[in-house]
Amino acid sequence: MKVLVPVKRVIDFNIKPRVKADGTGVETAGVKMSMNPFDEIAVEEAVRLKEKGIATEVVAVSVGVQQAQDTLRTAMAMGADRAILVLTDVAVEPLGVAKILRALVAKESPDLVLLGKQAIDDDMNATGQMLAGLLGWAQGTFASRIEIADGKATVTREIDGGLETLTLTLPAIVTADLRLNEPRYASLPNIMKARKKPLETIAPADLGVDVTPRLTIVSVAEPPARQQGITVESAADLVARLRNEAKVI
Amino acid sequence: MAVLVFLDHESGIIRQASRSAVTAARALGEVHALVTGDASVAEAAARIDGVAKVLRAAGAAAAHELAEPLAAVIADLAPAYTHIVAASGASGKNVLPRAAALLDVQPIPDVVSIVDADNFVRPIYAGSALATVRSSDAKKVLTVRASSFDPAPAEGGAAPIEQVTVPDGPALSAFVSIALSQSERPELESARVIVSGGRGMQNEENFKLLNPLADRLGAAIGASRAAVDAGFVPNDYQVGQTGKIVAPELYIAVGISGAIQHLAGMKDSKIIVAINKDPEAPIFQVADYGLVGDLFDILPQVEAALDKAG
Ligand SMILES: Cc1cc2nc3c(=O)[nH]c(=O)nc-3n(C[C@H](O)[C@H](O)[C@H](O)COP(=O)(O)OP(=O)(O)OC[C@H]3O[C@@H](n4cnc5c(N)ncnc54)[C@H](O)[C@@H]3O)c2cc1C
Ligand SMILES: Nc1ncnc2c1ncn2[C@@H]1O[C@H](COP(=O)(O)O)[C@@H](O)[C@H]1O
């Protein structure tokens, strides 16, 4: 079976984003960019499915600027077979990304689309669910375990109270949570090999998708800063302050 | 027109976070509540103060809040509503974006403030920034952060209950099992006090050293991702960008460094206490009260001080 893995280029998770002085967004110029951590987990899972002989081909897809090629090369260095860049300068929203992915699903006919549960820049946590809705496919979100057998995927999901297990009829959408696996580091030989793997570039318009955002950013601001706290010297001092000063116990 | 609020429940109890969603929705119009499950769930929804009508999706297809049938129900009901709202929990985040796609709407997740019918404030980049967004969609689909809206009182309403039918469709997914962590303690999202442990707790056995402190304070217990990944506690203890978002009166972080992904889930707590042996740990930058030292020495001292203070 074929697995499609959408990967997004985002500000590296180790970097503290800075709000632009003019309040229009977050500074990305000169900032280290990496693959969205959840997407690394999705790529890893797809590659493991291939290594187990369950998947036959893993195709990575990214919607974004030219530099998203680097993200796709990383996915291929991890083991994806080929990649598709849907090139656009627009910051495409989950609805637009889902429509692009729907069009690619029509072209590629995958049996499974494995996404990250959330992009750590916009924190939307929506694209996988929306793609599933557009396609009329089953969805298994926030997956911490996936097993594929007999045309079905059994997915364990992280929910508010614990864990839930569902079976999904394939083709299906699964979104990866943090504990699904630990992604591998790409080895140098694999990084070299990835340079030669096929990377196709297309435009949203080629897929007939309008990516005009529905949400306008009115302003972006720093959250209110917390007041500087104090260091207390002893447990007794702490308890006294919690009681008498903060009045929370 | 009215606002449709999907209320999720666990073991037949409507989550407190869903009552916060009712409060948020009341700012937008008359609230109609959509529930699944037994008649008792619908009856509890009808008693929530501020709910004008309850819509109950019953039967096998609606059980377990499966996304595929529920999103179809919501899309069916949508024409009568200006806004569709749910709490930003696992269930709302699973179902609402799917329903939004069926309606050709871009959802607005994790709303912390409602400016007006079209403008909403939501955190981005793990809460490093707050974005105000304006939606041009004819209908808005949003999930709201429970920590930003007081829960509507569980009692006080007497709304009528109507049945709604789940549209026919192939059963795409099927429920197999659920494993809920059992705890006598308050829920994380509604606790007044939270004691949270990180990698500094070292192992599952030592993590239990937080219990006596939590007992004395009537606290819920939370954890960092590192503590969950290492298997000290189950996944539903995780606080942070990708775990639970909490804002208790008092949050005590023990052996937690304070990565931005963790801060994203707790930095709106009223009072934050940090116990950490590393004076440079970033958690101290958000702490109101910091105690530098070995947590294994400090925890018993805090308990003793609490006992002494009575
Ligand atoms: C996409 C993504 C999402 C994430 N989401 C979350 C999330 O939702 N929630 C979350 O928590 N993390 C999340 N993380 C992980 C986050 O980046 C940190 O790795 C994690 O929070 C670290 O946990 P910690 O503070 O327990 O561990 P560490 O960073 O290892 O800190 C342990 C601390 O314990 C202290 N310590 C050790 N021993 C003692 C002792 N004896 N006495 C006192 N202090 C001691 C140390 O000084 C140190 O500060 C996410 C990461 C990514 C990439
Ligand atoms: N621009 C994009 N290109 C490729 N994949 C994306 C893009 N945006 C979102 N995704 C996928 O959808 C997931 C959820 O993103 P979001 O809904 O934006 O939080 C991500 O983890 C990716 O797998």
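Of the 30 residues around ligand 1, counted where a heavy atom lies within 4 Å of the ligand, the nearest in this predicted model are R199(B), S224(B), V239(B), S257(B) and N276(B). Ligand 1 is placed between chains A and B. At least two residues of its shell are supplied by each of helix 1 (37-51) of chain A and helix 7, helix 8 (260-266) and helix 9 (295-309) of chain B, where helices (H or I, at least four residues) and strands (E, at least two) are DSSP runs numbered from the N terminus. The shell around ligand 1 comprises 11 nonpolar, 14 polar and 5 charged residues; Ala, Val, Leu, Ile, Met, Phe, Trp, Tyr, Cys and Pro are counted as nonpolar, Asp, Glu, Lys and Arg as charged, and the others, Gly among them, as polar.

Polar contacts are taken as pairs of N or O atoms within 3.5 Å. For ligand 1, a nitrogen atom lies 2.8 Å from a backbone N or O atom of L295(B), and a nitrogen atom is 3.3 Å from an N or O atom in the side chain of D294(B), while an oxygen atom is 3.2 Å from a backbone N or O atom of Q241(B).

Oxygen atoms of ligand 2 lie 2.8 Å from a backbone N or O atom of N125(A), 2.9 Å from a polar backbone atom of A126(A) and 3.2 Å from an N or O atom in the side chain of D122(A). The protein buries 98% of the 480 Å² that ligand 2 exposes when taken alone.

Elsewhere in chain A, K117(A) lies over the face of F142(A), at 5.6 Å from the ring centre (NZ of Lys or CZ of Arg within 6 Å of the ring centre and within 35 degrees of the ring normal).

Residues are numbered from 1 along each chain as its sequence is written, and chains are lettered from A and ligands numbered from 1 in the order in which they are written. In this predicted model, local features need pLDDT of at least 70 and side-chain atom pairs count only at pLDDT 80 or more, whereas totals for chains, interfaces and linings use all residues; side-chain values use heavy atoms, with hydrogens and water left out.

Key. Polar contact = N/O pair within 3.5 Å; in protein donor to acceptor, adjacent residues only side chain to side chain. Areas by Shrake-Rupley, 256 points an atom, 1.4 Å probe, with all protein chains shown as cover.
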